[in-house]
Amino acid sequence: MVGGIVHTRRIGLLALALAIATLLQFTMGSRLMLFSARPDLVLLLVVTNSVARGAEEGLLGGLLGGLMVDVLSIVPFGTATVSMGLIGVATGLGEANLYRANAIVPLVAVFLATVFYHSIIMLVLQGAGWKVEWIGTLALQTIPGACLNAVLALLAQPLLHRVLYSRSVAEQFR
Amino acid sequence: MLLLVFQPSSTRRVEDLGSQVFAPFSFYASGFMGSITEVWQTIQSIGTLHDTVQRQADEIDRLNSELVRMRELELENEDLRHLLGFKQSHPDLHLLPVRILGTDPTGIVNAVVIDKGSNDGIREDMAIITWRGLAGRVVRVNPTSASVLLVTDVSSSVAARVQDPASRASGVVSGRKEGGLIMRYILQQELVQTGDLVITSGVGGTLPQGIPIGTVVRVQKRNIEMFQEALLEPAVDTTKLERVYAVLDYPKDQ
């Protein structure tokens, strides 16, 4: 009972955090950019959540975050939902123990997730008849963005540990 | 004896002596008392001093915000004056002011969302401009908002021509990932020079003609190729869009 309430509350908080991240990304846009690198706060949150919570909650976070991005994006609807859902599952498969064992793993996960996410979007855009400059986008946007996201993930480590700790507390109620 | 004492000259001397003796004391005493009075007045005003400082701080805040508002109004005024000039050179354009709500959250596409949609008469392919020139084109319309693909996106294609009457070279302008714009498909024999202004040609009928797109900064010409290319500096800085307008209507027979 208590575990269920904790779970629902956590999902609610996650949805709120994802909504705030999406709005920040939408309204701040280019002002968040560092040189040509633009942080992807929603993706960062999705990966951080799935790393801490595992594949099931990772999928839920990915679908929620992707849906919010899809609503505001010009990219064909569903692209962000599906790709972030996949990222949520994939990065959640490692479970917390793997990430606890090696602090570099979450950074690599965020880096790879960014590359995968951008590649999926470009693939869908190309399929929809848009002109896509693969090399230019990868070199000037994806890789710098992935590096920035990885650095931000490193800075978010204390938050990640707090989330991991709260998980063990929550599990005591189950 | 008494008469001697109270003689006017004697009393005068006593007075003079007294005043000479007391003068320095009274000088310092009056200064001291003045300071005491000031301190006392200050102590008395401490109660009201806080209110006074608070009132003045509020006044400073109010004036500062007023100053910021005035600066914004000045900028808006300047912008509207430029727009008036633009309107005078394009009298047939029917413009609707729109506001930028945000940018595409994926970051892969150079697009923005505006606060007007089909309910306000916005339709697909409408031009979005500032007084400086073309900002983008509407690609998706909702009832209360619309998505605009910016001219700087690689997928954007705008039929363009060089404004210089000696050239009138035509081509297609797209965005570049490296920044800026590129004008492609310019025939080799056409004359294009650095500094030339490139405008919309109106070919295709989706955008009005004569809207500035950018200025030529470099011409890439190789004799083995059929076309030459020109790199352009965009007329509009799409990263700092503020007051933008949708071209609702324009004469199609230009």
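**Note on the two-chain model**

1. Start with chain A: residues 24 or more positions apart account for 71% of its contacts with a separation of 6 or more. Two residues are in contact if their C-beta atoms, placed from the backbone, lie within 7 Å. The model is predicted: local features need pLDDT of at least 70, side-chain atom pairs count only at pLDDT 80 or more, and totals for chains, interfaces and linings use all residues. Residues are numbered from 1 along each chain as its sequence is written, while chains are lettered from A and ligands numbered from 1 in the order in which they are written.

2. Chain A has 8 helices and 0 strands. Its pattern along the sequence is α-α-α-α-α-α-α-α. Helices (H or I, at least four residues) and strands (E, at least two) are DSSP runs, numbered from the N terminus. Of the 174 residues in chain A, 40% are buried. Buried here means 20 or more other C-beta atoms within 10 Å of the residue's own, with C-beta atoms placed from the backbone; exposed means 12 or fewer, and partly exposed lies in between.

3. One helix pair in chain A deserves a look. H2(A) (residues 41–53) packs against H4(A) (residues 79–92) at about 35°, and their axes are 8 Å apart. Axes are lines fitted to C-alpha atoms, for helices over the stretch in contact; angles run from 0 to 180 degrees between N-to-C directions. The crossing of H2(A) and H4(A) is right-handed, that is, the near helix is turned clockwise from the far one by less than a right angle. From H2(A), the contact residues include Leu43(A), Val46(A) and Val47(A). H4(A) contributes Met84(A), Ile87(A) and Gly88(A), among others. The contact divides into 6 nonpolar, 4 polar and 1 charged. Ala, Val, Leu, Ile, Met, Phe, Trp, Tyr, Cys and Pro count as nonpolar, Asp, Glu, Lys and Arg as charged, and the others, Gly among them, as polar.

4. The two chains touch. Chain A gives 25 residues and chain B gives 19. On the chain A side, H1(A) (2–28), H3(A) (55–72), H6(A) (104–127) and H7(A) (134–155) each give two or more residues. H7(A) supplies the largest share, 5 residues. This side of chain A divides into 10 nonpolar, 11 polar and 4 charged.

5. Chain B has 2 helices and 13 strands. Its radius of gyration is 38 Å, well over the 18 Å that the globule rule gives for 254 residues, so chain B is more spread out than a compact globule. The radius is taken over C-alpha atoms; the rule is 2.2 Å times the number of residues to the power 0.38. The C-alpha trace spans about 135 × 45 × 35 Å along its principal axes. Buried residues make up 31% of chain B.

6. Seven strands of chain B form an open antiparallel sheet, in the order E1-E13-E4-E5-E6-E3-E2. Strands pair if DSSP finds at least two bridges between them. E1(B) (94–98) and E2(B) (100–103) stand at the edges with a single partner strand each, so one side of each has no neighbour in the sheet. The twist averages 35° from one strand to the next. E3(B) (residues 111–114) and E6(B) (residues 146–150) run antiparallel, joined by 4 bridges. Ile114(B) has Ala146(B) as its bridge partner.

7. E7(B) (residues 158–162) runs antiparallel to E8(B) (residues 170–175), with 4 bridges. Ala160(B) stands opposite Gly171(B). E8(B) also pairs antiparallel with E9(B) (residues 181–187), over 4 bridges. Val172(B) has Arg184(B) as its bridge partner. E8(B) and E9(B) form a hairpin with 5 residues between them, and Gly179(B) in the turn has a positive phi of about 105°.
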